[in-house]
Amino acid sequence: FLSDEASNKTNSIQSSTSAYSSSRVPSRFKRKIASALSKIDTTATDASDCRDQGCSCIFCGEISSAKQRREANPGNLALDAFCRILSGKINDDEAEEDADDETECNEEDILSDKDEEGESLDGPLESDDDGIENANLGNPMIFKNFMVRRSGAIPFLARAIVETLESCIAMSMQTESGSGSCCAGCIHYLKNRLLRLSSLIDSLCCMSGLNRKLFCRVANKGQLRYEPFLLPSLLRSVSHFSAPSLLKNDPIFSDIGLAALRTLTSLTHENPVASGQFYSLPIAKPLSVSTTSETPKGVEIILNLMYQLVEGRSEQCSSQHIYDSIIFCLNSLTNVLESPSFPHVCKLLLEMRLMSNEKQESVCALAWLSRWIVSQTESFRDAVMTGSPGKNDSMDSSGSRHLEHHEDEFLLTSGNGFILLSYLLVAHPMAKKPDDSTRIRIKSLILNELPENSNKLILVINTLKAFCNFYRYSIGDLSVAVIAPVLKLIAGLEKISNNH
């Protein structure tokens, strides 16, 4: 019901309520439909207006011939209603109408995760990691995510965002190849639809491991092979839009790439299903990816994106968009390392080479990544290296200084980067360890890029402590979710440092 394809199978919806005057529609629903139509952005350029102005966009032509408005198609109205229900944005008069129509329901039935025959609706998706959901159904956000999964809406949402992403890629490639053109109205419509779907999926993934796994398991049933499509589509969109659009300072397509990257990061968090696909599923090579592999995997795509953003960055580029993209890349790679795919990713990082388009030469991916992360500490390295750890893992004021405002960004970048490198050195406690030769090579590559010191890991350890302090002072008690795993990493690094 969220797909734009639905609009091809229904009667056209006009911008007035006259289309809903049938006596078959209850009056309360007529009022709701009229209310929904009144919220449509009437200032947006309509397809028929584009055609009148001589627009050659083939998509506008199809919409105009069907006498539809972009924003008033059934799929868009359903998506808008779904977002409003989940966000709790409802008018007082609508709330009163809904209260009058409430029916009695059994609370045990609502909270149960069983179907009518008593079978589990989650099946093999259930795991011990998701006990937090069952224990906290009184939390409105957790209960909302639980009920959306039970409603069966997740496969529809997965397909809706994939269709939107693929439409964006099709429009972009058609324009670039010169075989056709698409107007700003169509692109704006798709971007706004994508941003709403991305935000919705991010919300449904929050504190719900079952939802994250289910999103990644949605696949086309009609194919001979089981091929999940959400993660590959996100990676394809990230590689197609992010680097070229950000470096060209294209605001629309860079927003599309950033939304795909944000959703990718949300899905891979504590999700072995996504991490396995991230490593194992080959992605059809887009035009913008420069790798030594014809079918690069997710890890290669994300590392190549980081390399292109860092090496190709100029003063004309949007610094905030590039900064956000790099943070999402680092977090996505870290998420993959916190999974059973850990040994495979370690091996891939050692073997992977990054291609420079200008110099026509390759560099070791892990060596370049370590070198760049260390470079982010340059402005405050002296303070971090001379600062002494105090109680509660803070920096003693006698040996440290306050960061300047412009240094906060570098601390967050290097902090997220050192978390990634620390997992390579320490390994996640639940992950299978790689072979000894791989571990030795990884450790050697990382340590070689750290500044000379009697204790090379002191820069990593103290930067992570400063990173934790920054979060403590910035968001208070909410920082526990970020700080707790980092403190475990610090303890592991200190153990390695003492044995070195």
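A residue counts as buried when its relative accessible area is under 20%, as exposed when over 50%, and as partly exposed in between. The views below are taken from a predicted model.

**View 1. Cysteines in a model with 0 disulfides.** Cys83 has a relative accessibility of 18% and therefore counts as buried, the limit being under 20%. Cys216 takes part in no disulfide; the nearest cysteine sulfur belongs to Cys205 and is 7.5 Å away. A disulfide needs two cysteine sulfur atoms within 2.5 Å, so the 7.5 Å to the sulfur of Cys205 rules out this pairing for Cys216. Cys216 is also buried, because its relative accessibility is 1%.

**View 2. Helix α8, residues 140-151.** The helix has 12 residues, and the distance from its first C-alpha to its last is 16 Å, close to the 16 Å expected at 1.5 Å a residue. At the start of α8, a side-chain oxygen of Asn139 comes to within 2.9 Å of the backbone nitrogen of Met141. Buried residues of α8 are Ile142, Lys144, Asn145, Phe146, Val148 and Arg149. Just after the helix, Gly152 has a positive phi of about 85°.

**View 3. Helix α10 and the loop that holds Met207.** The 22 residues of α10 should span 32 Å at 1.5 Å a residue, and the 31 Å between the end C-alpha atoms agrees with this. Met207 lies between α10 (184-205) and α11 (209-217), in the loop. Just after α10, Met207 takes a positive phi of about 60°, and this residue is not a glycine. Met207 counts as partly exposed because its relative accessibility is 37%, a value between the limits of 20% and 50%.

**View 4. Glu270 in the loop between α13 and α14.** The loop that holds Glu270 runs between α13 (251-268) and α14 (272-280). Glu270 is not a glycine, yet its phi is positive, at about 45°.

View 5. Leaving aside residues up to four places away in sequence, Ser275 touches Thr268, Asn335, Val336, Ser339 and Ser341.

Notes. Residues numbered from 1 in each chain as written. Predicted model: local features only at pLDDT ≥ 70, side-chain atom pairs only at ≥ 80, totals over all residues. Heavy atoms only, no water. Helix = DSSP H or I, 4+ residues; strand = E, 2+ residues; numbered from the N terminus. Buried < 20%, exposed > 50% of the residue type's maximum accessible area, 1.4 Å probe, protein only. Expected span 1.5 Å × (residues − 1). Polar contact = N/O pair within 3.5 Å; in protein donor to acceptor, adjacent residues only side chain to side chain. Contact = heavy atoms within 4.5 Å.
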